[in-house]
Amino acid sequence: DEPARDSEEVRREKRGHQLRGGAALQAELNRGSERVALVGATPGGAQCSRLGVFVKRHDLINGMPSYEKDGDPSVMMWYSGGWKVGDAKQLGRKGCGISCPDDAFAPETATRAWRVNLPAGGGWCDAPDVRCIAGAALSEELKRAAARVALVGKAPKGAQDASAWMG
C-alpha cells in the first residue's frame, strides 16, 4: 500500500517543475541544447517564416532559456506559460505566432502539439507536423536540407528582382 500523502505533497507534485530550485533547477536548464530547430509544415503555411534554427541566448526569460532565430534576430523563442515563438518585441509575453502549451524545461523536450495563429483573425489551430528538434535529429535534418534552392517563375507584380520581395 502507498502511504497517505498530505495535501501539500500532492500540490507540490501537481506543480511539477515550479518547485525545483537550486542545483536541480540549474541542471534541468543546462540540459537544453545550444541550438534547436522548429521544423515541419504549418496549416496553410501560416507562420512558416518563424520556423528555422534558433540559438540559445545567455538571458533567461521568465526563468527559462530563450532563443534567437539564427540569421533573424527579430524572431525569438521563449517560455511564458508554454513555449512561444514570435517577434522579439513580444519577448517574455504571451503574444506570439506559434506556441506549445508544454511545461518542458527545453522546447525540444516538449511533448504537446505546437499550435499556430492563423492570419486575418482565424484563431489558433494545431500544427501536428511542427516539432522542435535538437542534437542528432537537428544534424540529420540539416544534412537532408538542400544545399541550393532555386526560385522559378515570374516575380510578383511590381518587383524588379527577387531582392525586392525576399526577406
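The model is predicted, so local features need pLDDT of at least 70 and side-chain atom pairs count only at pLDDT 80 or more, while totals for chains, interfaces and linings use all residues. Residues are numbered from 1 along each chain as its sequence is written, and side-chain values use heavy atoms, with hydrogens and water left out.

I will start with the cores. A nonpolar core here is a set of buried Ala, Val, Leu, Ile, Met, Phe, Trp, Tyr and Cys residues joined through side-chain atoms within 4.5 Å. Buried means under 20% relative accessible area, exposed means over 50%, and partly exposed is in between, with a 1.4 Å probe and protein chains only. The largest core has 24 residues, and the members that touch the most others are L38, F54, M77, W83, V85 and W114. At least two residues of this core come from each of β1 (35-39), β4 (72-79), β5 (83-87), β6 (98-100) and β9 (131-134). The biggest contribution is from β4, with three residues. Strands are DSSP runs of E, at least two residues long, numbered from the N terminus. Apart from that core lies another one of five residues, including V39, V53, I133 and L138. As background, nonpolar side chains in soluble globular proteins tend to be buried together.

Now F54. Which residues does F54 contact, leaving aside neighbours within four places in sequence? They are E34, R35, V36, L38, Y67, E68, K69, D70, V75, M76, M77 and V85. Contact means heavy atoms within 4.5 Å.

Next, strand β1. Four of the five residues in β1 are buried. Strands count as paired if DSSP finds at least two bridges between them. With β2 (residues 52-56), β1 pairs in the antiparallel sense over four bridges, and R35 has V55 in β2 as its bridge partner. With β9, β1 also pairs in the antiparallel sense over four bridges; there, V39 is bridged to R131.

On to S99, which sits in strand β6. Is S99 buried or exposed? S99 is buried, because its relative accessible area is 9%. Not counting residues up to four places away in sequence, S99 touches W83, K84, A113, W114, R115 and W124.

W83 brings us to the aromatic rings. Rings of Phe, Tyr and Trp (its six-membered ring) pair if their centres lie within 6.5 Å; planes under 30 degrees apart are stacked, over 60 edge-to-face, and the rest tilted. The whole structure holds two aromatic pairs. In one of them, the ring centres of Y79 and W83 are 5.6 Å apart and the planes are at 75°, so this pair is edge-to-face. Y67, Y79 and W83 form one aromatic cluster. Y79 counts as buried because its relative accessibility is 9%, and W83 is buried with a relative accessible area of 0%.

Last, two loop residues. N62 is in the loop between β2 and β3 (67-69). Phi of N62 is near 55°, a positive value in a residue other than glycine. N62 counts as partly exposed, because its relative accessibility is 48%. A120 lies in the loop between β7 (115-118) and β8 (123-126). A120 is not a glycine either, and has a positive phi of about 55°. At 86% relative accessibility, A120 counts as exposed.
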